Amino acid sequence: MAKVELKGISKVYEGNVRAVDDANIVVEDKEFVVFVGPSGCGKSTTLRMVAGLEDITEGELLIDGERMNDTPPKDRNIAMVFQNYALYPHMTVYDNMAFGLRIKKVEKAEIDRRVHEAARILDIEKFLDRKPKALSGGQRQRVAVGRAIVRNPKVFLFDEPLSNLDAKLRVQMRAEISGLHHRLNATMIYVTHDQVEAMTMASKIVVMKDGKVQQIGAPLDLYAYPINKFVAGFIGSPPMNFLAVKVSESGGSIVLDEGSFTIKPDASHVPDLKKYVGKEVFFGIRPEDLAYTQSPQPNSFPVKITVVEPLGADVHLWLNTPTQSLVARTEPIYRFKIDETINLIPKLEKARYFDKETELSILPNKGALSK
Ligand code: ADP
């Protein structure tokens, strides 16, 4: 059992820098939780408070219900894997992995068993006699993970462990860490600025911005029902488009006016949009929810192509209305040309709407696709 609870946790650095503000997060036993957000949002500080590497200014940290605020890192039964691996350069891989256990006076035979077991899981048995400098980045990262595994911790913490690896290796290690989670059946907390890592690895994502938790949920719930414009734009690539549109009522129906075109929203969204008649809102639509159509159709709108990015399976089109920009992701069913005007049909049931002032979603948060 290893449940981690952050209750109203804040971190205030010298000079009154509030790096983390009132974080309330529950990491259930065996969950893989990813803290994600742009650089400086406070995700590493949050992780370091869980590890005990930073003092907690306000709030309570519980592990399996026990208060940990004043427990030294070594007694928290937690193992952390760092971005820079933090291996001892003068020690072999074997000794790097064994070091922590020797300090804890674990029996030699038991150390040997655990190191070989971890090395086998990570496929680094043949490197056990090498020093870190004779290893590639990916191999070093495996040793760092191995050092965490041998300690048999209650909770694994990862701080941007893949950001020093090249793109291909990152994808491979991502899958390996997911596989490891499955295999070890352990509680893991993973910090990254990369929303793709968050989406692909997490059972639960915590999105942070400016020291504040924005939304917590399963990857596809956050994708489908982002709580605000920030989360909507942060999760997904290319990001969701936001077009400023004016909400008006015409002949009893709600119409969205972009300036160069009007569309009628999905019937299910009308009750919430009615409150905004006469005001502007952000019409949020994901690139994959904009379909190309050769000829204009009801609710299609014209856009001019500025950039064409063929990716093979699909095409990213960068587009302009007379006053706003957007991106569409569509099948390469047509040879798109720069400066050409095409028509797009939005999947209006997938559209999301955000208040222009508060940037909060104006639709009820249906969430919980997974429930
Ligand atoms: P992230 O991991 O999301 O990139 P951090 O948790 O490292 O962000 O930092 C959050 C904020 O706290 C940043 O604004 C950073 O400059 C500030 N910060 C981090 N460490 C310190 C420190 N030791 N003293 C003062 N401010 C710090």
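# Notebook: ligand site, helices and cores

I began at the ligand, where one of its oxygen atoms sits 3.0 Å from a polar backbone atom of C41; I call an N or O pair within 3.5 Å a polar contact, and within protein one atom must be able to donate a hydrogen and the other to accept it, while residues adjacent in sequence count only if both atoms are side-chain atoms. Before going on, I note that this is a predicted model, in which local features need pLDDT of at least 70 and side-chain atom pairs count only at pLDDT 80 or more, while totals for chains, interfaces and linings use all residues. Residues are numbered from 1 along each chain as its sequence is written, and side-chain values use heavy atoms, with hydrogens and water left out.

**Entry 1**

Which residues surround the ligand? I listed Y13, A19, P38, S39, G40, C41, G42, K43, S44 and T45, taking a residue as near if one of its heavy atoms lies within 4 Å. By class I get 4 nonpolar, 5 polar and 1 charged residues in this shell. Here Ala, Val, Leu, Ile, Met, Phe, Trp, Tyr, Cys and Pro count as nonpolar, Asp, Glu, Lys and Arg as charged, and the others, Gly among them, as polar. Helix α1 (residues 43–51) gives the largest share of the shell, 3 residues. Helices (H or I, at least four residues) and strands (E, at least two) are DSSP runs numbered from the N terminus.

Is α1 enclosed or open? It is largely enclosed by the rest of the structure, because 7 of its 9 residues are buried. Buried means under 20% relative accessible area, exposed over 50%, and partly exposed in between (1.4 Å probe, protein chains only). The buried ones are K43, T45, T46, L47, M49, V50 and A51. After α1 comes G52, with a positive phi near 90°.

I then looked at K11, in strand β1 (residues 4–13). This lysine counts as buried because its relative accessible area is 7%. Its side chain reaches the backbone oxygen of D55 at 2.8 Å. Leaving aside neighbours within four places in sequence, K11 has contacts (heavy atoms within 4.5 Å) that include T45, M49 and D55.

In α2 (residues 93–103) I find V93, Y94, N96, M97, A98 and L101 buried. Helices α3 (108–122) and α4 (137–150) are among what covers them. K105 follows α2 and has a positive phi near 60°.

Where does M97 belong? It is one of the residues with the most contacts inside the largest nonpolar core, along with V115, F158, Y190 and V207. That core has 48 residues; a nonpolar core is a set of buried Ala, Val, Leu, Ile, Met, Phe, Trp, Tyr and Cys residues joined through side-chain atoms within 4.5 Å. A second, separate core has 31 residues, including V247, L256, F301 and L319.

L87 lies in the loop between β6 (78–81) and α2, and I count it as buried because its relative accessibility is 15%. From L87 to M97 is 10 residues in sequence and 9.1 Å in space, C-alpha to C-alpha. Beyond four places in sequence, L87 touches residues including N96, V143 and R147.

Most residues other than glycine have a negative phi, and most peptide bonds are trans. Y85 has a positive phi of about 70°. Is Y85 buried or exposed? It is buried, with a relative accessible area of 8%. N152 has a positive phi near 50° and sits in the loop between α4 and β7 (155–159); N152 is exposed, at 58%. I also noted a cis peptide bond joining S237 and P238, with omega about -10°.

**Entry 1: overall figures**

I counted 9 helices and 20 strands. Of the 371 residues, 50% are buried. The C-alpha trace spans about 80 × 45 × 40 Å along its principal axes.
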